[in-house]
Each structure stands twice: as C-alpha cells, then as structure tokens.
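Morning, everyone. Please bring up the model on your screens. I'll walk through a few spots in turn.

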Amino acid sequence: MNRFFAFGRLGALLTKEFIQMRRDRITFAMMLGVPLIQLLLFGFAINSDPKQLPAALVSVTQDHYARAMVSSLEATGYYRFDHVTASAEEAERLIASGEVVFVVTIPSDFGRRVDRGDRPQILIEADATDPSAASGAISTLGTVASQALLRERGIQAVSAAEAASQMEVVVHRRYNPEGISQYNIVPGLLGVILQMTMVMMTSIALTREIERGTMENLLAMPASPFEIMLGKVLPYLVVGAVQVAVVLVTARLLFGIPFVGGLGLLLGAVLIFVLALVLLGYFISTVARTQMQALQLTFFFFLPSILLSGFMFPFRGMPVWAQWLGELFPLTHFLRIIRAVMLKGADLADVASSTAILVLFIVAYASVALARFRRTLD
C-alpha cells in the first residue's frame, strides 16, 4: 500500500467533504446565491446615467410655449414631471425632501417675451447632492429647450449658436454647486461603516456563545429572552457611538464636508439606524449555528444593500423592481436622512417618512429575533 497517495483514501476524503458541504446549507446557498445576485444586480440594476428623474414644474402660465418646454424636456427621457405647482415654496419643499430631483421654473412673462423677440429665461434647479445622478440631464438642457422653442415658433435654426441665442437656461446646482463627489460619498460612508461593523459584530454574539460552550450558562441565568437580547445589543450601541464621532469629525476636518442641518436630528437618526442594525445582527445570530455562517449571512445582506441603497450608484437610475428591493434595506433610508440633514439642512418634517421606516425596521427585527430565540440548545 502506498503511504503517500491512494485513490481509495482520496475518494473517501472527497466523499466526506461533499457530504459535509451538503449538510452546511447556508454555505452551499452562499456559493450559488452570491454570484447570481452579483450577475443580476450589475447586469440589470446598475445604471450610472439615470432616466425618468422626478421633476416639479413651477409655472403660473400654461401657454403653448411653456407646454413645448415641458414636452421637450420629457422627450429627452431624463425628466418626469410628477408635480405641477404655482408656488415656489411648495417646490422648495419637494426638492428639500428629495421627492423631486429638478425644479423647472417658467416665468409668467415667458410667452410675451418670446413673442416680442426678447431672449427669455427659464430656471432649472437641480439637486446636486449626487452629482452623477443629475449630470446627464443637465448637459442636455440648453440645446433641447432652445430647439423646442424654435420649433414652436415655426423657425428652423441654421446653427447651434443661433439656437442657443433664442433663450437662456439658468441652471442652479443646489446643495453641492461645485459637484464635489466627496459631499455625496463621505456622509454615506457613515452608514456603510456602521452597517458593516454593527451587523457583523452582533451577528456573532450568540454563535460565539454556542461555539465556546458557554451558552448553557447564559440560558441557566434567571433572565428573559428580552433581557438577554438587550444585554447582547446595548454594548454595541456604545461602539457605534464611537464610530459615529470618528467619522463625523474626520469628514468635517479632513474632507470639509458641510454640516447644514441640526446635530440633534442627525444623532437621533443615527441612534435609530444603529439600533436597527444591531437587532438585525442579533436576528442573524439566532439563525446561524457557527460564527462562519453568521459572517456569511452578514455578507449576503451587505452586498445587495450596498448596491441597491444609492451609495455606489444613483438610486433613481435603477429599474423599478430594483428600487423596490432597495427600499427593504435600512441603509437606503439612512442615506436619505444623513445626506438631507448634512447637505440640505433638512428638518424632521423633511425626513419623517424615512425615520418612521427605520423605526419599523427596529420593531420587525426585534420581533423576529425574539420569536426565534430558544431557551434551550435543542
């Protein structure tokens, strides 16, 4: 018999490994699920040139020139006018809350100035907190609007310069006029860092007890499942507070990120977000049987949340089904809050819906975690 190699021994070892792989269903699902998710998300959901962006129209008059402007902008595929209002205050609320990306204002004397042969103006305000989301739409404005005006007047431009001379499009890039990408990325990094560390550390809280054999002592204590959950969760809130302080100070001193909104509102949103994350990690720990499984499940959650939350790619550039999936992740709603508070100076009313959804995540994660908690190891 060969002491160094034998097909029989190798076959037995391979059989053992395949049987063990089949029994570890979480690992097997990860090997198949992660490549499939990456293929679907990168193939269908990722789009760096978003179309059909929500816009608001502020126009007192609805003459044929104004309608021509709106129709031409919608024909580009970038704009979708969901709101028509005669109030600048209402339009300001819409763009501050993130309900629209653009506000197009057509002056009341627009038609009269066109008929007189003057050079009229239209104002387009763009939410530039994510510079990449609005860049494509802004680049098409001047030519498209001027050509539409000429067609409406029955005139054919002989050159691009002649078309541009017919009207003036004034563009205001709100909240990030210089188009600095760090203003969008760095605040979002706070949510990404918190999600990666809070979920991962909390998810191995119970699995570590099981692997080390100390779970019996924990279950023997006269403590309720709710008390055990709080005992595992609350220490990580302190860790999250330290991370928040480090990231915010670094963002201000190193990157010069503006902080327009209220600190109290931001810290309150961070607390709600961190609590949702640690409860999610605790729920994962009730599902996983080993620390490796807990880390695998954490990664399985982490990957799609990064891609679908609007952190790496424009949220509104994704197809509708991908946006629906993105709404299922706490990171999506936290990014809306932190960017609105830090860059726009949003108040509680502007971020109330996103905050309420984070609270619902807390209730849901706590409920399923307590429901899955077992008083015994069986």
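**A buried threonine, a sheet and a bent helix**

Thr298 counts as buried, because its relative accessibility is 7%, and buried means under 20% relative accessible area with a 1.4 Å probe, protein chains only. This is a predicted model, where local features need pLDDT of at least 70, side-chain atom pairs count only at pLDDT 80 or more, and totals for chains, interfaces and linings use all residues. Residues are numbered from 1 along each chain as its sequence is written, and side-chain values use heavy atoms, with hydrogens and water left out.

Thr298 sits in helix H13, residues 291-308. Helices are DSSP runs of H or I, at least four residues, and strands are runs of E, at least two, numbered from the N terminus. What does Thr298 touch, leaving out residues up to four places away in sequence? Val199, Met200, Ser203 and Ile284. Contact here is heavy atoms within 4.5 Å.

Next, helix H9, residues 182-212. H9 spans 43 Å from first C-alpha to last, close to the expected 45 Å. That expectation is 1.5 Å times one less than the number of residues. H9 bends by about 35° at Ala205, taken between axes fitted to the seven residues ending there and the seven starting there.

Now the sheet. It is open, with 5 strands ordered S2-S1-S3-S4-S5 and mixed pairing. Strands S2 (79-85) and S5 (168-174) are at the edges with a single partner strand each, so one side of each lacks a neighbour in the sheet. Pairing requires at least two DSSP bridges. S3 and S4 pair antiparallel over 4 bridges. Phe102 has Ala126 in S4 as its bridge partner.

Key: Buried < 20%, exposed > 50% of the residue type's maximum accessible area, 1.4 Å probe, protein only.
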